[in-house]
Amino acid sequence: MSEFIYRNKQQLTWALYAVATVLLVLFIGDQLAGKKAARIAQTLISGLLVGGVYGLVALGIVVINKASGVFNFAHGWMMVVGGMIFWSFFTVSEISLAGAGLLSAATMLMIMTTVSYRDLLKQRNLAITAGGALALTALMTVGGIELRWLHALAGTFAGAILTGLAVERFTIRPLIGQPLFTAVLMTLAVAEVLHGVTQIAWGTVELNLPVFVNPQTNSRFKPIRLEAFREALDGIAIIRVELVIAFVLALLAFIGFILFFRYTSVGLAMRATSEDQQLAQSVGLRVRVILAITWAVAAFLASIAGVLQGGAVGLSLNISFVALRVFPAVLLGGLESITGALAGGIIIGIVEQFGTLLNSSEQVGTNLAPYAVLMLVLVIRPDGLFGQKRIERI
Amino acid sequence: MKKHGILLALLLVIGGALPSLAQDMMDYPADMSECEVDLSGETINIFHFGDLSGPYAFITQPIVSALTDAVAYWNGRGGVCGAELAQVYEDTGGSREAAQSAYDRFTSAYGDELDLLLLYSSDDGELLREQLAEDEIVSFISAGSIASLYGEDGQTPGWLFASNPLYINQFGFFCQFVAASPELFPDPVIGFVTWPNAFGRSGTEPAAREYCGGLGVEVLAEPQFFLPTDTDILTQVQNAIDGGANIIYTNSLASGPALIASALVDLGLEEEITLAGVNWVMDTTVGLLGQRVLKSNGLPAVDGMLGSMPFRWWTEQDNPAVQFVTQQFAANNRSLPEQNIAYLLTWGAVDSILEATIRTVNRTGSLEAVTGAEIKSTMQSMDYAVLGGLMQHRYEDGMRDATMNRIAVLKYANTTMTGPATGPDDALLIDDGAGGKLFLPLVVPLSDFMEVPQLRGQ
């Protein structure tokens, strides 16, 4: 008997997993059978839309990982910083010219010195820096409050680029060639620094970020009520407009990044850099520039996610914890997969909602179900659903 | 700056403080004990630590603001009995480990000087309960849990003193209110939709369920939990409603109650389901964050939410304590989101700490002779109107939490500032400084102060 088990260990393990999965599906099916169709539909809609936001957050983490191999624990705080910068521009009637000028100048200086500080000695580069700073400042301050969207987008763009480049320049770049684990630990330190900076600059009071409001009523857009399906669903299901906007933005970002990584030289260089930084450098790829672009892009993605999340529930330091909830989505989809980030986000969103539907009192939705699904998937596919399978030659 | 100016203007309108600002600053409203000992040249430190940068940061930051203002107020008037007032504090970020480290640092650095400690959270209270007793340090807290104030058995008073009733008692009090209002709640069933931490779970205990059941108020056995990071809690709210709830009760704050209210509006159930909660749901942040979603009557989603109000509120401008704090708030240019429960209660806590210290110094003869045990003895015999009427502290007969409470409703002011608005047409709307309009939150007490039921240890 023991020999039989030993010989067929793998098959038996798989059989056990299969039985456990079937039992779980039967159990869940039985639980769901008692629910109205409207509840199931609503749970699916909520999960899908919330999952889209998770996917957007996951995308930022994946982009960094894809290009540098670093798992960025500071992503949640980059979301907070981005959201707060947006709030600073969006909710004031008069933007400080000095503040906007300083932010623009700092951003342009960081961009133009990505390769070397000596680049600033060239007159052409100095002119570009000054011109860019002036243009950015103009975008942040031109017109009145009716242009607040423009001010906020320009300010957030500049702030995010500055944050991303500063993080890369002063914390990640010095670690090029060092073990990846050191850089991962560095992101933990960066998270704490951003935490402190946020607290000093914006305080800790929860802020209202009225981005998802109808300008006529100054209140949130009314949700779409699926009245046409009331009879079929035996109840009403609704779709929240702000979550749809977030979902669409997430989808657009995904499409953009898939194309970027597949068809642009920078995207391809990023992928090459993630494989081996030293090798990439030896074949002439400018690793510094590629890493800088990656961090700037990730910071911008984090900012978008911060604005969407802050607009949906209010801006507070708690937003940083969303990134923690997204970690299972990143691992589930595969650490380097853009498609995986979206798929992982949506799966975790749906799993959370169904877990909550079936048992909210024990927090099954947030504390157990996502991790159980993650465990199951990782057992079957250790690199995640869309992760690259690596073969290490010894 | 312009934004701050607008917020300050808002505050002045809300507090009705414009007339009082035009006059001289009012005298300190509390009837504090006379100083019998001159403490000139000495320093009274107010020690406190807690979560200033973690999940609760948005409500705790005003604690530091209020303490800073109170310290400046007293030192600007020659100190307390001649002694300079100072605050010593640390941010623990909501971590138990950090709270323990802070406690260890405070006790080793200040030794005998540390007789009284201000804490923010029930979790820290539970963590430090035994250590405070061992080190003979009295602690003030806004509303501790049963375990922190009375131990696991609910019957052993410790060294922590709370200024609010226990959350479970607040819930029992709410059940009393519901049971006494059959015209409003003919067949009441309460479902919890709440945060999953110790604070959020208060009131979900079987003892509370049994007590409320005895009053004819059914409480669903299964609470629905959500996290402060959740963007959509329709599922939790629908779970409670499917379970039969026609009243949703929450122990959450800031965007928590606003999220539930939004879900009710989205489901078209805002008129059928009543939303209620612990004293923190009446906070200013809730009134401001709850404006993102409007009900079918055009008022913010949290309009009409019920909650505990065991102390005087900012809008009760006939109360000298409220008048005084409002004046100090305006004089220190604090921002509107800071005009919350924490700022108000911290002024009260400072007043209580000073009163307890003065009484103890008068008895012992010097600041050096004051010990934690002496302060505890003072506290246990105290029956004191905090700040001359903000709330009453009475810790006799082994009590460690407040015993009086009332129920209030969150509304929005009307254009004449004479009462709550009935709709957007008669609501007072003020420019928020960014092209939008703000409704002004208003808390209206629905009952007088009455004794809360004692549900601990049952």
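This is a predicted model: local features need pLDDT of at least 70, side-chain atom pairs count only at pLDDT 80 or more; totals for chains, interfaces and linings use all residues.
Residues are numbered from 1 along each chain as its sequence is written, while chains are lettered from A and ligands numbered from 1 in the order in which they are written.

Next I checked the strands around that pair. Strand E3 (residues 116–119) and strand E4 (residues 138–141) of chain B run parallel and are joined by three bridges. Strands (E, at least two residues) and helices (H or I, at least four) are DSSP runs, numbered from the N terminus. Two strands pair if DSSP finds at least two bridges between them.

I then traced the open sheet of five strands in chain B, which has parallel pairing and the order E2-E1-E3-E4-E5. Strands E2 (84–91) and E5 (160–162) of chain B are at the edges with a single partner strand each, so one side of each has no neighbour in the sheet. From one strand to the next, the twist averages 25°. Angles run from 0 to 180 degrees between N-to-C directions, with axes fitted to C-alpha atoms, for helices over the stretch in contact.

Last, I looked at the contact between the chains. Chain B gives 40 residues and chain A gives 46 residues, where contact means C-beta atoms, placed from the backbone, within 7 Å. H10(B) supplies the largest share of chain B's side, five residues.

Notes:
Two residues are in contact if their C-beta atoms, placed from the backbone, lie within 7 Å.
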